[in-house]
Amino acid sequence: MANPNSEASLGYGTKLLMGDGASPEVFAEVGEVGDFEDSDSIELQEVTNHQSPNRKREYIAGLEDGAEISFPCNYIPSHATHDRATGLRGKKGQIVSFRIEAPGETEGYQFFGLVMSVGRSFPVQGVMQMNVTLKKTGAESFYTIS
């Protein structure tokens, strides 16, 4: 039975897709991605002057800065989005096109991400993991999810 007092939904099923750089570009879902967050921020530019009211600092909006997006994956060495030939392991230092598609949304979000780091862990008792950090760069766009 659904909770009649909330319209909240789970993020389960959100897709992070990676472009192949071809023209036209083809996107593949990054395999077995765990939790991640996406946000942007605005740099503040101080404009305080001798006429600023009540000796209070004043600010205006500066340039927008794309966030760093870090996420874990269950590492699958043979997965096309994980391997060194076509996947994230071979993209360190490169700018790659990504998309995010969340459940229930009709619009997807596309951005460019500089692949800053790709690390792997190999626990004796546990699942192999790959940890990726992207830095959003440049303009983003939106598209209709079909």
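Mentor: Start with the aromatic rings. Ring pairs link F98, Y109, F111 and F142 into a cluster. Keep in mind that this is a predicted model.

Trainee: How many aromatic pairs are there by this rule?
Mentor: The count comes to five.

Trainee: What makes Y75 and F122 an edge-to-face pair?
Mentor: Check two values. Their ring centres are 6.3 Å apart, and rings pair if the centres lie within 6.5 Å. Their planes stand at 80 degrees, and over 60 counts as edge-to-face. So the pair is edge-to-face.

Trainee: Which parts does that pair tie together?
Mentor: Y75 lies in the loop between strand 5 and strand 6, and F122 in the loop between strand 7 and strand 8. The pair therefore ties together parts that are 47 residues apart in sequence.

Trainee: How do you know whether Y75 is buried or exposed?
Mentor: Its relative accessibility is 8%. Buried means under 20%. So Y75 counts as buried.

Trainee: Why is the pair of F98 and F111 called stacked?
Mentor: The centres are 5.7 Å apart and the planes are at 20 degrees. Planes under 30 degrees apart count as stacked, so that name applies to F98 and F111. F98 lies in strand 6 and F111 in strand 7, so the pair ties together parts 13 residues apart in sequence. Both F98 and F111 are buried.

Trainee: Which residues have the most contacts inside the largest nonpolar core?
Mentor: F71, L88 and F98, in a core of 18 residues. Several strands each supply at least two residues of this core, among them strand 5 (68-74) and strand 6 (95-101). Strand 7 gives the most, with four residues.

Trainee: What makes K136 a charge over the ring of F111?
Mentor: K136 lies over the face of F111, at 5.6 Å from the ring centre. The distance limit is 6 Å, and 5.6 Å falls within that limit. R99 has its charged end over the ring of Y143, 4.1 Å from the centre.

Trainee: Which residues form the covered face of strand 5?
Mentor: I69, F71 and C73. The uncovered face has E68, S70, P72 and N74. In a regular strand the side chains alternate between the two faces of the sheet.

Trainee: How do you know that strand 5 pairs with strand 8?
Mentor: Pairing needs at least two bridges. Seven bridges join strand 5 to strand 8, and the two run antiparallel.

Key
Residues numbered from 1 in each chain as written. Predicted model: local features only at pLDDT ≥ 70, side-chain atom pairs only at ≥ 80, totals over all residues. Heavy atoms only, no water. Core = buried A, V, L, I, M, F, W, Y, C linked by side-chain atoms within 4.5 Å. Buried < 20%, exposed > 50% of the residue type's maximum accessible area, 1.4 Å probe, protein only. Phe/Tyr/Trp six-rings, centres within 6.5 Å; stacked < 30°, edge-to-face > 60°. Lys NZ or Arg CZ within 6 Å of the ring centre and 35° of its normal.
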